[in-house]
Amino acid sequence: MKKIILTLAAVLGAVTTLSAQDAQKAAAEAAAALTAAEDIPVVAQKPVYWTNTLLNQINFGQTRLWNWAAGGYNTYSLTAAIDANANYAKDKTIWNNRLQLDYGLLYSADKPIIQKNKDRIYFESKWGYQTPVKHLSYSANFDFKTQFDNNYKYGTPSDFAGEEPTIDDWLAARTLMSGLFSPAYINFGPGVLWTPKPWLSVNFTPLNAGFVIVHDPALRKTYGMNLREEGLDTTVGENYRPFRFDLGAQLKVDAKWVVNDNFSYTTQLVLFSNYLHNPQNLRVNWDNKVFWKMAKYFAFTISTNLIYDDTVLVKKLSDGATVPAVQFKEFVEFGFTYTITNKKG
């Protein structure tokens, strides 16, 4: 019995010794691992100052009629749009850039030609530096607007002894309305930027320099270009200057309400007063857009554009006279949409 007790005591002592050695070894390994971890340099996350988004849209529209007593024509339309934003923010400095490209074609069964129904190139750049006053920044604004190619108003060809007018007849009856750099608008100047809310910004430029460019001589009178010399024939386009300098004040209001990831409304109102010519007559540009993403890659869009410029002459349908008038355009579209974006870290 005594031998059994001594044997058990010896075994227990050996187990205790081994356990203590294992515990010491584990503690040493843990300490070594901790020391090694402390030696690993901590890599700081690189700050991201740019936030970029790229919205791509392709929209298709169709009107199809069968035995429609009220009349009408089958129509098909195809439009494409790109809305790219690149915004920079660091400390007290911001720099926002936006490029909008729109182009669309329309076919109507009453004309054997494809017409253009949408065309715009619009680039904006806005720099701001925070002042000691909350929500107020010094700013510099630049914007450029034109279109890709010619746009026409299509008249009806005269009677051809009962024969259907040919494509050449329709092309001969059209009237040129605008084109690339005909017109083009360039504006820039210093000012102040007020951002009372994240969704609202108001930029005021008290000394805004602007250029209106009309490259095509046939359109220079329509867009208010000045004669090269007094007394020249006003019916000859070459007698007008290809550009006009404007100096005035500009107010630009931008607002964007984002209800959720799928629904948003954006609006921009631009008012310009030309110190050099009828400053009381404001030039107005007002754009609106409702965007509703109905599925992962499909969206419903409503957009409107309103323009009033007393230097631009619009032909009235009633008597054919050309006078300044309110211009309005509306698009209701459904189609494919895809957005590429990076989120600020």
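I started with strand 10 (residues 243-260) and strand 11 (residues 263-274): they run antiparallel and 12 bridges join them. For the record, strands here are DSSP runs of E with at least two residues, numbered from the N terminus, and two strands pair if DSSP finds at least two bridges between them. Strands 10 and 11 make a hairpin, with 2 residues between them.

Note on the source: this is a predicted model, where local features need pLDDT of at least 70 and side-chain atom pairs count only at pLDDT 80 or more, while totals for chains, interfaces and linings use all residues. Residues are numbered from 1 along each chain as its sequence is written, and side-chain values use heavy atoms, with hydrogens and water left out.

Next I looked up what stands opposite Trp 257, and found Tyr 265 in strand 11. On the strand 12 side, Tyr 265 has Val 290 as its bridge partner. Strand 12 covers residues 283-295 and is joined to strand 11 by 10 bridges, again antiparallel.

Then I zoomed out. What order do the strands of the closed barrel follow? The 12 strands run 1-2-3-4-5-8-9-10-11-12-13-16, with antiparallel pairing. Neighbouring strands of this sheet are turned by 20 degrees against each other on average, direction ignored; the axes are lines fitted to C-alpha atoms, and angles run from 0 to 180 degrees between N-to-C directions.

I checked strands 8 (residues 184-197) and 9 (residues 200-213) too: 9 bridges, antiparallel. Tyr 185 is the bridge partner of Val 212 in strand 9. Both turn up in the largest nonpolar core, which has 8 residues, including Met 225 and Tyr 240. Such a core is a set of buried Ala, Val, Leu, Ile, Met, Phe, Trp, Tyr and Cys residues joined through side-chain atoms within 4.5 Å, buried being under 20% relative accessible area, exposed over 50% and partly exposed in between (1.4 Å probe, protein chains only).

Met 225 touches, among others, Val 212, Val 214, Tyr 240 and Phe 243, not counting residues up to four places away in sequence; contact means heavy atoms within 4.5 Å.

Last stop was Asn 117, in strand 4 (residues 114-130). Buried or partly exposed? Asn 117 counts as partly exposed because its relative accessibility is 23%. One of its contacts is Lys 329, which sits 212 residues away in sequence but 9.7 Å away in space, C-alpha to C-alpha. A polar atom of the Asn 117 side chain also lies 3.3 Å from the backbone nitrogen of Leu 105.

How values were computed: Helices (H or I, at least four residues) and strands (E, at least two) are DSSP runs, numbered from the N terminus. A polar contact is a pair of N or O atoms within 3.5 Å; within protein, one must be able to donate a hydrogen and the other to accept it, and residues adjacent in sequence count only if both atoms are side-chain atoms.
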